[in-house]
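Please keep the sequence and the 3D view at hand while reading.

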Amino acid sequence: MISYIKSEAYRLVREKSYWIFIVVFTALAVAASVVLFVAQEVTPATDAFPYANTRFMLMNIITAILVPFIFLFQISQIVVGEEVKHHTMKNSVSFGVSRSTIYFGKWIISILGMIGVAVLSIGISVATMYLLLENSGSS
């Protein structure tokens, strides 16, 4: 089972659509920080823009932390798509891998793939947030 999961992870990391998925979510997270930064810079000094700080952005990140998991079907399509398109699942079965191992291996890789998307996009958005926005302190 472990070797099958490793092989599925290898296939997932080499898929171009997986990296496009990561880039899209990361770009959306970075765009939020950039929009808040630009709104703060455009606003005159007399009118303070209250949302261009790290507290507001962290609340948005915490609120939207489950959004990538809504798109779990897309990752499962990336994981299973090639085997369905080329009818190669029978090769794994004929090699001696049980269908339950195939199913649970793909399920585990789908979950780990989404965790990877979440960690990368949240990490990059937090870094961008602290680079662009005013630090609101520990509160």
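## Helices H5 and H7

H5 and H7 are oblique to each other, a word used for angles that are not under 35 degrees (roughly parallel), over 145 (roughly antiparallel) or 65 to 115 (roughly perpendicular). Helix H5 covers residues 72-86 and helix H7 covers residues 99-132, and the two pack at an angle of about 135° with their axes 9 Å apart. Axes are lines fitted to C-alpha atoms, for helices over the stretch in contact, and the angles run from 0 to 180 degrees between N-to-C directions. Helices themselves are DSSP runs (H or I, at least four residues), numbered from the N terminus.

The contact (heavy atoms within 4.5 Å) is made on the H5 side by Leu 72, Ile 75, Ser 76, Val 79, Val 80 and Glu 83, and on the H7 side by Lys 106, Ile 109, Ser 110, Ile 111 and Met 114. By class, this contact of H5 with H7 has 7 nonpolar, 2 polar and 2 charged residues; Ala, Val, Leu, Ile, Met, Phe, Trp, Tyr, Cys and Pro count as nonpolar, Asp, Glu, Lys and Arg as charged, and the others, Gly among them, as polar.

## How the model was treated

The model is predicted, and local features need pLDDT of at least 70, side-chain atom pairs count only at pLDDT 80 or more, while totals for chains, interfaces and linings use all residues. Residues are numbered from 1 along each chain as its sequence is written, and side-chain values use heavy atoms, with hydrogens and water left out.

## Helices H1 and H5

The axes of H1 and H5 come within 10 Å and cross at roughly 95°, and the two helices are therefore roughly perpendicular to each other. Tyr 4, Glu 8, Arg 11 and Leu 12 of H1 meet Ile 78, Val 79, Glu 82 and Glu 83 of H5 in this contact, whose residues divide into 4 nonpolar, no polar and 4 charged.

## The largest cavity

By class, the lining has 3 nonpolar, no polar and 3 charged residues.
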